[in-house]
Amino acid sequence: MCYKTQEEDDDLAYFDCLPDALLLLIFNKLHDLKSLTNCLSVSKRFRSLVPFTDTIFISIPPLPKPSNTAASYINNTLRQVFHNLFLKPVRCFHRLMASPKSTTMSFDISCCHSNGVLRIFKEMKSLHLELPLHGAGELGSSNGATFLQWKADFGSNLRTCIIVGATSFQKCNTFSSSAIFSQRKEERVFMEETVLNDDELKLRVIWTISCLIAASTRQYLLKQILADNPNIPMLERVVISDANKQGMFSMGKEELVEMRNSIDTKQEASSSSMERSPIPEVNMKLWYLPMLDLPDSGYVMKRATLVLIRPVVDGMIENNSDDPLVGDEKPFSEAVREMIKVKKSYLMTMSSF
């Protein structure tokens, strides 16, 4: 029965006419944690229904006074790693990647702790965390990458990572784009034979390790959240992205079960000072084009690079543009589908770090 009391305003009274199932649908569409938390104070009915929301989005705020220690350490680590990469064995990664004890995350995840507001959503099935911008800006901006995006799929360890990078990324003039794209098709065969020199190859390995460090840091963060919140067993999907949409970490239902089962047995093996999960030994397959036209997106990439990464235990990497990680986002997905057609590629193996 729909009713209205004098104590409640007209807008709130209309919600009394809606069934609980419809209100839950509205809350799931709302999904923002801050907004849902505010709804808890609206009425007793809202307070009783909000905890049954199964889709949650959390925009993680930065710490009030973030330290530059972590950012400077990562930059110094990358310089050291690639100074030694072609001079010394890759086992130097273990020594160089060990983070100092003073390294701390530059964002506030208090809402995800065991005593945080996240604990009330016991039927949560989908969780999306968005991290704030870190340091001075984008991940690859200090390493010569104008465009650098990645997607990673994890279980208890890394499963797949896809990276797309370019030293120049510009919007093509719409008036002349068709003619330009048509003209460059004839040049593509020649460009596919272009060979990366040592310096360019080192730069792309730097991009790769930067992205893998970012991805493994997010897995470590999720492992902490799952350990602190054992009361959300219905969780089926987790996405951790960032404010500038540079990287996306994702896990499905099976991967989450695998991670939960590994927490008790492997949590001690992960160094608490590192604040990231170890990266296993991986196979890398790299494609390169001096110029890549993206007609559907309307962009042009210079020195475009695609890197596919999988653990060595999973075997060699096969060309597959239908990988679910590719997705439908432009221009990332278009770049992957175009680059994977290139016949020439580079195969590498990177030791665990």
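Which residue's side chain meets that of Arg159 in a salt bridge? The partner is Glu255, with an N to O distance of 2.9 Å; a salt bridge here is a side-chain nitrogen of Lys or Arg within 4 Å of a carboxyl oxygen of Asp or Glu.

## Basis of the model

The structure is a predicted model, in which local features need pLDDT of at least 70 and side-chain atom pairs count only at pLDDT 80 or more, whereas totals for chains, interfaces and linings use all residues. Residues are numbered from 1 along each chain as its sequence is written, and side-chain values use heavy atoms, with hydrogens and water left out.

## Overall composition

The protein contains ten helices and ten strands. Of the 353 residues, 47% are buried; buried denotes under 20% relative accessible area, exposed over 50%, and partly exposed the range in between (1.4 Å probe, protein chains only).

The accessible surface comes to about 18,300 Å², and carbon and sulfur atoms contribute 53% of this area. Areas come from the Shrake-Rupley method with a 1.4 Å probe, and for residues only the protein chains shown count as cover. Among contacts (heavy atoms within 4.5 Å) with a separation of 6 or more, 76% are between residues 24 or more positions apart.

## The annotated F-box segment

The UniProt record, an unreviewed entry, carries the annotation "domain: F-box" for residues 15-50. UniProt positions are given in the numbering used here, feature names are shortened, and annotations may be inferred rather than shown by experiment. Over residues 15-50 the chain is 69% helix and 0% strand, and the C-alpha atoms at its ends lie 14 Å apart.

## Nonpolar cores

A nonpolar core is a set of buried Ala, Val, Leu, Ile, Met, Phe, Trp, Tyr and Cys residues joined through side-chain atoms within 4.5 Å. The largest such core has 63 residues, and those with the most contacts inside it are Ile56, Ile58, Ile60, Leu127, Leu222 and Ile309. Helix H8 (residues 198-228) supplies the largest share of this core, 13 residues. At least three residues of the core come from each of domain 1 (16-53) and domain 2 (54-63 + 77-96 + 110-269 + 281-314 + 325-350); these bounds come from an automatic or database domain assignment.

Not counting residues up to four places away in sequence, Leu127 touches Ile56, Ile58, Leu118, Leu235, Arg237, Val238 and Val239. A second, separate core of 18 residues includes Ile162, Ala166, Leu292 and Val342.

Helix H10 (residues 332-339) is mostly covered, with seven of its eight residues buried. The buried residues are Phe332, Ser333, Glu334, Ala335, Val336, Glu338 and Met339.

Val342 lies in the loop between H10 and strand S10 (346-350). At a relative accessible area of 2%, Val342 is buried. The C-alpha atoms of Val342 and Trp287 are separated by 6.9 Å, although the two residues are 55 residues apart along the chain.

## Salt bridges

Side chains of opposite charge can pair when their charged atoms come close. Under the stated criterion, the count comes to six salt bridges. In one of them, Arg45 pairs with Asp20, the closest N and O atoms being 2.7 Å apart. This pair links distant parts of the chain, Arg45 in helix H4 (residues 44-49) and Asp20 in helix H2 (residues 20-30), 25 residues apart. Both are partly exposed: Arg45 has a relative accessible area of 22%, and Asp20 has 39%.

The bridge between Arg159 and Glu255 joins strand S4 (residues 158-166) to helix H9 (residues 253-266), its partners being 96 residues apart. Arg159 is partly exposed at 27% relative accessible area, whereas Glu255 is buried at 12%. Leaving aside neighbours within four places in sequence, Glu255 is in contact with Asp153, Phe154, Gly155 and Arg159.

Arg218 forms a salt bridge with Asp242, with 2.8 Å between the closest N and O atoms. This pair links helix H8 to strand S6 (residues 237-242) across 24 residues. Both partners count as buried, Arg218 at 7% relative accessibility and Asp242 at 6%. Elsewhere, salt bridges that share partners join Arg159, Glu255 and Glu258 into one network.

Conventions: Helices (H or I, at least four residues) and strands (E, at least two) are DSSP runs, numbered from the N terminus.
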